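Q: Could we go through this structure together, one feature at a time?

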Amino acid sequence: MADFLDKAKHRAEELIGEAKEKIGHKTDNDDLAAEGTKDQISGKTKQVGDDISDAASDLKNKLTN
């Protein structure tokens, strides 16, 4: 099962990415905006992995009990 701290880190990565993207757009800094988008995608992808891990663990528990 995905660790609470890992989930928090992945969500934080997504939120930081959102902030970078917004700041990049406001300041016309395309590199920062692109980095923010990349961070958001990375964080969301990791969260999907966490969800899959949790679902697999739940399924395993249901099948073994």
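A: His10 is found in helix H1; helices (H or I, at least four residues) are DSSP runs, numbered from the N terminus. This is a predicted model, in which local features need pLDDT of at least 70, side-chain atom pairs count only at pLDDT 80 or more, and totals for chains, interfaces and linings use all residues. Residues are numbered from 1 along each chain as its sequence is written, and side-chain values use heavy atoms, with hydrogens and water left out.

Q: Is His10 buried or exposed?
A: His10 counts as buried, at 14% relative accessibility. Buried means under 20% relative accessible area, exposed over 50%, and partly exposed in between (1.4 Å probe, protein chains only).

Q: What is His10 in contact with?
A: Leaving aside neighbours within four places in sequence, His10 is in contact with Gly43, Lys46, Gln47 and Asp50. Contact means heavy atoms within 4.5 Å.

Q: How many Å apart are His10 and Lys44?
A: Their C-alpha atoms are 7.2 Å apart in space, while the two residues are 34 residues apart in sequence.

Q: At what angle do H1 and H2 pack?
A: Helix H1 (residues 4–26) and helix H2 (residues 30–64) pack at about 160 degrees, and their axes are 7 Å apart. Axes are lines fitted to C-alpha atoms, for helices over the stretch in contact, and angles run from 0 to 180 degrees between N-to-C directions. That makes H1 roughly antiparallel to H2 (under 35 degrees counts as roughly parallel, over 145 as roughly antiparallel, 65 to 115 as roughly perpendicular and the rest as oblique).

Q: Which residues of H2 are buried?
A: Ala33, Gly36, Asp39, Gln40, Gly43, Asp50, Asp54 and Ser57 are buried in H2. H1 is included in what covers them.

Q: What does Asp39 touch?
A: Not counting residues up to four places away in sequence, Asp39 touches Glu13, Glu14, Gly17 and Lys20. Asp39 is buried, with a relative accessible area of 10%.

Q: A new topic: where is Asp28 found?
A: Asp28 is found in the loop between H1 and H2. Asp28 is exposed, with a relative accessible area of 67%.

Q: What is the phi of Asp28?
A: Phi of Asp28 is near 55 degrees, which is a positive value in a residue other than glycine.

Technical notes
Helices (H or I, at least four residues) and strands (E, at least two) are DSSP runs, numbered from the N terminus.
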